[in-house]
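Let's take a walk through this model together. Have the sequence and the picture side by side, and follow along one spot at a time.

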Amino acid sequence: MDNLGIVLAVIGAALAALLAGIGSAKGVGIVGEAAAGVVSVDPSKFSKVLILQLLPGTQGLYGLLTAIILLSRIGLIGGSAADLTTAQGLQFLVASLPIAVVGLISGIVQGKTAAAGVGITAKKPDHNGKGIIMAAMVETYAILALLISILIIYNIAL
Amino acid sequence: MNGTKYANAVGAVRAMENTLLGKSDIDQLVNARSKAEVDSIIASKRGSGANSDGLAEVWAMLREYAPDCKELEILLYRNDFHNLKAVLKAIISNRDPQHYYISPSNVELPVLVDAINTKEYDNLPEYMRDTAAKAYELVTRTLDGQLSDSLIDADALKAMQKSAVRYGSDFMKRYANLLTVCADIKTAYRCSILNKSAQFMETAVCGSDELEKDALIKAALGGAESLFSFLEASHYSNAGALLKESTAQYEKWCDDVLIELAETARMQAFGAEPLEAYFIAKEAEIKNLRILSVCKEFGADKETITERMRKLYV
């Protein structure tokens, strides 16, 4: 197959956006359920639980960012498509995996942690920050995965 | 996603837990000088949301948030079986069962009355069909209301244990076991004092993994002292000691162990346990308010009231 390289690279971009996006959607959904429960009883806590709900949404953004950078690097965005070998395409596919996989898992896990944080906000609103910090700790690993994905994408020789 | 079940309901319950009466509220109520003052403090709490709901409203709310949670129904088995006793007695003595019906309950009064009247038990939930049939037959044959009550009480506990196992809920298994242990000790104690027969105890005592039925009956047949000695050697030596001292202290212990169980669910962010724990906590709160109200009405001193107060969830 002549275009296998570019196909593999595009699959990589799609996976980064897709899996990280699924992780975020699930994570935000879990926190949203818990937050809606709290708000249905005490609407004054809306702004506090909203912050927690936003936290798992970042993985989707990281996946999107990785996909855009990858597509830009292979010339599908803002230029002409590069003539990639199969090995190069495979390198782009592998480069997208850290944020794709870590984004999926960390999005869900962060959602669970943030939902537990919603419980803190419901019972002790003054300690809301602690729930945010705990959920934000999960973010570290999504950021590390994003960093590695971008570093690999920029360092693949074309 | 099974691990995040009832996230919405747990969020709502966590927010509602803020309206449960805390230690300072109870202290304030205990220090109130009269029943009128108690009522006034409770009324002012109601304004801020505390104790604004009876158990039936709490139940309706829990079902609204978790309509598919079957294991929650176990919490109402005691009411269901109580209502069965009430309906049986009311029908036999030509009285209106409505006066004895308690809610919330899994079985509506007309369903229960219709099942007993027609002796068609299929409309009843599976867990109480056999009991209803056996109790009706027993009470009409022997006219011994106490025996049929004992049968129903023991079957209620058995049904709770069985359903908890069926739904695979460790929390509810523990809940059913604790209720069984508390009820069995109390039944065995009463039987030992009243010199009830082994046959009666066989019907009245339910038995559980933690307190073996035959051994408990054997001990109770030997009298109260024999029962206390048996309990002293079991996991429930403290319960035996309290029962020996006073039945009021023992009743308090029974309520407190349930609240201790509920406390194990306080740290959980998902699942049915926080909902069940909230219901148990609300039951305890209502009981505390009743005790307080009665104590105030009869002019009990603060120490006595404090001594009778059940553990709090918050």
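Leaving aside residues up to four places away in sequence, D255(B) touches K287(B) and R310(B), where contact means heavy atoms within 4.5 Å. With R310(B), the side chain of D255(B) makes a polar contact of 2.7 Å. For that term, a pair of N or O atoms must lie within 3.5 Å; within protein, one must be able to donate a hydrogen and the other to accept it, and residues adjacent in sequence count only if both atoms are side-chain atoms. D255(B) sits in helix 14 of chain B, residues 247-263; helices here are DSSP runs (H or I, at least four residues), numbered from the N terminus. D255(B) counts as buried because its relative accessibility is 14%, and the cut-offs are under 20% relative accessible area for buried, over 50% for exposed and partly exposed in between (1.4 Å probe, protein chains only).

A word on the ground rules. This is a predicted model, in which local features need pLDDT of at least 70 and side-chain atom pairs count only at pLDDT 80 or more, while totals for chains, interfaces and linings use all residues. Residues are numbered from 1 along each chain as its sequence is written, chains are lettered from A and ligands numbered from 1 in the order in which they are written, and side-chain values use heavy atoms, with hydrogens and water left out.

Now for the salt bridges, each a side-chain nitrogen of Lys or Arg within 4 Å of a carboxyl oxygen of Asp or Glu. Over all chains, the structure holds 22 of them. In one, D149(B) meets K89(B) at 2.5 Å, N to O. D149(B) is in helix 8 (residues 145-166) of chain B and K89(B) in helix 5 (residues 77-92) of chain B, so this pair ties together parts 60 residues apart in sequence. D149(B) is buried at 15% relative accessibility, whereas K89(B), at 42%, is partly exposed. Another salt bridge pairs K134(B) with D155(B) at 3.4 Å. K134(B) belongs to helix 7 (residues 126-142) of chain B and D155(B) to helix 8 of chain B, 21 residues apart. D155(B) is buried, with a relative accessible area of 7%.

What about the meeting of the two chains?

Ten of the eleven residues in helix 1 of chain B are buried, among them R14(B), M16(B) and E17(B). Their cover includes helix 1 (4-41) and helix 4 (86-123) of chain A, along with helix 4 (55-65) and helix 15 (273-297) of chain B.

Last stop, chain A. Chain A has five helices and zero strands, and its C-alpha trace spans about 60 × 25 × 25 Å along its principal axes. Of its 158 residues, 44% count as buried.

Methods: Helix = DSSP H or I, 4+ residues; strand = E, 2+ residues; numbered from the N terminus.
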